[in-house]
Amino acid sequence: MKIHRFATCESLYDMPLKVQFVLTHMCNYNCSYCFGHKKMDKRDSDFPAIHRLKTAVDHLVELKRSHYELFISGGECTYHPNLFDFIQYACDAFQDKLKVINITSNGSSGVEIYSRLADLAKQYNVPLDIMISIHTEQVSLKHIVELTKALSRKLHFLHFALMFNPLKKDFVKEIYATMFSLRDVGGGVLSLHVDGEQTSCTAFVPGR
Ligand code: SF4
């Protein structure tokens, strides 16, 4: 027997390279179940320097992969002082090989930050997915609603991961119901997905 091809790609170099940049271990939230965050200090040198991030991108480009997917997370990555500069550099460096940017955030930054991210991705014609983790111990639901309304038409995908907290069960239900009521806000469909037995749920708002 001769194996000509394994999996769906001809070679390693045809496979997308998914790269995760953890831009900080600091977070402005202080969830009781978080195992690794540091208190946010914007002066802290814990933020990786922009020149190091750019060098990492350069090395990735040198790999000459057919396409790249960029995942950006933390801690709370929207606090990185050079977040926009970094994304812009990555878009310029990867060019049309960059197929998607995915940002995970707790959704606490201002609406204008996420809007600017959406505008930047649009400028480069790169789909932007934003995953908002809703943490019941810290979240302002009003802010999340504002964010959803502002972003649902601007993004490729806006995802919500609602952290199920048994001690805040009623609030979890309220958030779930509120997110469900927003299902038409993007002119599209919002679907709610429940994992396991009340362990977590995820709402997706497809952008337009
Ligand atoms: S939002 Fe995430 S990173 Fe921040 S404290 Fe909560 S679980 Fe930790």
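On one side of helix α5, Asp-170, Lys-173, Ala-177 and Ser-181 are exposed, meaning 12 or fewer other C-beta atoms, placed from the backbone, lie within 10 Å of a residue's own. Helices here are DSSP runs of H or I with at least four residues, numbered from the N terminus.

This is a predicted model, in which local features need pLDDT of at least 70, side-chain atom pairs count only at pLDDT 80 or more, and totals for chains, interfaces and linings use all residues. Residues are numbered from 1 along each chain as its sequence is written.

Which residues of α5 are buried? They are Val-172, Ile-175 and Met-179, where buried means 20 or more other C-beta atoms within 10 Å. These three lie on the same side of α5 because they cover an arc of only 65 degrees around the axis, taken from the directions from the helix axis to the C-beta atoms. An α-helix has 3.6 residues a turn, so residues three or four places apart point the same way.

Now to helix α2 and one of its residues.

| Item | Value |
|---|---|
| Helix α2, which holds Phe-94 | residues 83–94 |
| Other C-beta atoms within 10 Å of Phe-94 | 23 atoms |
| C-alpha separation of Phe-94 and Lys-64 | 9.4 Å |

Phe-94 is buried. Leaving aside residues up to four places away in sequence, Phe-94 touches Val-61 and Tyr-68; contact means C-beta atoms, placed from the backbone, within 7 Å. Phe-94 and Lys-64 are 30 residues apart along the chain.

Finally, the ligand: the residues surrounding it include Cys-27, His-37, Glu-76 and His-135.

Technical notes. Near = placed C-beta within 6 Å. Helix = DSSP H or I, 4+ residues; strand = E, 2+ residues; numbered from the N terminus. Contact = placed C-beta atoms within 7 Å.
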